[in-house]
Amino acid sequence: MVDLAGRDDAEAETELRARLRDLVASHLPPRPKDKAERLAWARRFQAALYDAGLAAPSWPVEAGGMGLTVRMQLVHHDELAKAGAPSHPAPIGFIVGPTLVAVGTEAQRERFLRPLLRADELWCQGFSEPGAGSDLTALTTRAVRDGDDYVLTGQKVWTTGAQQADWMFALVRTGPAGPNGAGITYLLLPMDSPGLQVRPLRDITGTAHFAEVFLDEVRVPVANRVGAEGEGWQVARTSLGFERSTAFAAGEMKSRALLERIVGVAARTGALTDPLIRQEIARAEADVRISGQHNARALADALAGRAPGPLSSLNRLGRAESEQRLHELALRILGPDALLGTGPDAPDRGAWAYGYLMTRASTIGAGTSQIQRNTLAEKVLGLPRD
């Protein structure tokens, strides 16, 4: 077996593609229709990836990853996207994971990284609150030190995947508010903690991807703190940077696969004869290629040890708006049939209508498009704050 870490040659690419194809052939049965079965299906495949040494292509080898070059990471994502392989069932974990690699303790890395990568344990993110969404520094969930524990009281909201998560990485207030997020601490808490309650929130698709999380004197060991007390905002900025760069590097490949499906729909319905539709497809192709360039730059920074900077907001902004345009294009091609979300006559079993509704959140979650533009204006272009 060829050692792939740090390699960027034809032999390494051939070996990587062969190993991934063998794994898919032996460990990827057809996608189940039932939602609960799909979760178990995705978890089994992620465990198989890890056990074969093929998980986390961007992570360093010592953290359980593959240590691949930027180009080889894209090969990895490309091969799995073409195979229709499931993503990690809790991709939010790929925010806390690199954070632990960067600033966590050795004990934390030893405890959490392997079960995260194998999907033995699923994660959710406890940042947003009813009064602290776009402005996370306004959070009010309190954590009071009591011996070797913190005692948490407060509420989190819009918590993706909280219903099935085993752990949450959360921001809490341990001191008075001040400049640059002073008084905020970053904690890891088990979701089965006494006093923690999860209430699902149903969204526009009719499903409950999000939840409210209520904390009533929940005890969390001080050993589960990431970074120093009161310096959680700096740790969180590392997390958010990873979210907007390395964590979703596979997005370009998924967008590519989505665009190819849309072209297939256009060919099947005869829409390719419409010059306006062809123009929109050309724009979508440009979006996908631009996303690839942003991802390559972000991955190169990560592998070089450079912390994610404000340019990661450009990647996030472009991806979110491109996702929406792709699904809008699909609905425009389908015409009135796109209104059929379910039933035997719904195109592709309603996938396009469902995807369109899902992407309404793309420009809201993890920082709205307006927030991303403000970050770029102030931190990249040097424009004054309004």
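Helices are DSSP runs, numbered from the N terminus. In this predicted model, alanine 56 is found in the loop between helix 2 and helix 3. Alanine 56 is not a glycine, yet has a positive phi of about 50°. Most residues other than glycine have a negative phi. Alanine 56 counts as buried, at 7% relative accessibility. A positive phi also occurs at alanine 119, where the value is near 65°. Alanine 119 sits in the loop between helix 5 and strand 1 (123-126). With 2% relative accessibility, alanine 119 counts as buried.

Helix 2 covers residues 35-51. Its 17 residues reach 25 Å from the first C-alpha to the last, close to the 24 Å expected at 1.5 Å a residue. Aspartate 34 caps the N-terminal end of helix 2. A side-chain oxygen of aspartate 34 lies 3.1 Å from the backbone nitrogen of alanine 36. Just after helix 2, glycine 53 takes a positive phi of about 75°. The buried residues of helix 2 are Trp41, Ala42, Phe45, Gln46, Ala47, Ala48 and Leu49. Their cover includes helix 1 (10-27), helix 3 (70-83), helix 4 (93-103) and helix 5 (106-117).

Aromatic side chains were examined next. The model has nine aromatic pairs, counting rings whose centres lie within 6.5 Å. Tryptophan 158 and phenylalanine 210 form one of them, an edge-to-face pair. Their ring centres are 5.8 Å apart, with 90° between the planes. Tryptophan 158 lies in the loop between strand 3 (149-156) and strand 4 (167-173), and phenylalanine 210 lies in strand 7 (residues 210-221), so the pair ties together parts that are 52 residues apart in sequence. Tryptophan 158 counts as exposed, at 54% relative accessibility. Phenylalanine 210 counts as partly exposed, at 22%.

The pair of phenylalanine 169 and tyrosine 186 is stacked, because the ring centres are 6.1 Å apart and the planes lie at 15°. Phenylalanine 169 belongs to strand 4 and tyrosine 186 to strand 5 (residues 184-190), so this pair ties together parts that are 17 residues apart in sequence. Both phenylalanine 169 and tyrosine 186 are buried.

Arginine 145 lies over the face of tyrosine 150, at 5.8 Å from the ring centre. Arginine 199 lies over the face of phenylalanine 214, at 4.3 Å from the ring centre.

The structure holds 24 salt bridges. One of them joins the side chains of aspartate 78 and lysine 82, at 3.2 Å from N to O. Both residues lie in helix 3, four residues apart, which is about one turn of the helix. Aspartate 78 counts as buried, at 15% relative accessibility, whereas lysine 82 counts as exposed, at 63%. Asp78 and Lys82 also belong to a network of salt bridges with Glu13, Arg17, Arg21, Arg71 and Glu79.

A further salt bridge connects arginine 325 and aspartate 287, with the closest N and O atoms 2.9 Å apart. This pair links distant parts of the chain, 38 residues apart: arginine 325 is in helix 9 (residues 312-334) and aspartate 287 in helix 8 (residues 275-303). Arginine 325 is partly exposed, with a relative accessible area of 24%. Aspartate 287 counts as buried, at 15% relative accessibility. Glutamate 378 forms a salt bridge with arginine 385, where the closest N and O atoms are 3.3 Å apart. Glutamate 378 counts as partly exposed, at 23% relative accessibility. Arginine 385 counts as exposed, at 67%.

Definitions and conventions. Residues are numbered from 1 along each chain as its sequence is written. This is a predicted model: local features need pLDDT of at least 70, side-chain atom pairs count only at pLDDT 80 or more; totals for chains, interfaces and linings use all residues. Side-chain values use heavy atoms; hydrogens and water are left out. Rings of Phe, Tyr and Trp (its six-membered ring) pair if their centres lie within 6.5 Å; planes under 30 degrees apart count as stacked, over 60 as edge-to-face and the rest as tilted. Helices (H or I, at least four residues) and strands (E, at least two) are DSSP runs, numbered from the N terminus. Buried means under 20% relative accessible area, exposed over 50%, partly exposed in between (1.4 Å probe, protein chains only). A charge sits over a ring if NZ of Lys or CZ of Arg is within 6 Å of the ring centre and within 35 degrees of the ring normal. The expected span of a helix is 1.5 Å times one less than its number of residues. Contact means heavy atoms within 4.5 Å. A polar contact is a pair of N or O atoms within 3.5 Å; within protein, one must be able to donate a hydrogen and the other to accept it, and residues adjacent in sequence count only if both atoms are side-chain atoms. A salt bridge is a side-chain nitrogen of Lys or Arg within 4 Å of a carboxyl oxygen of Asp or Glu.
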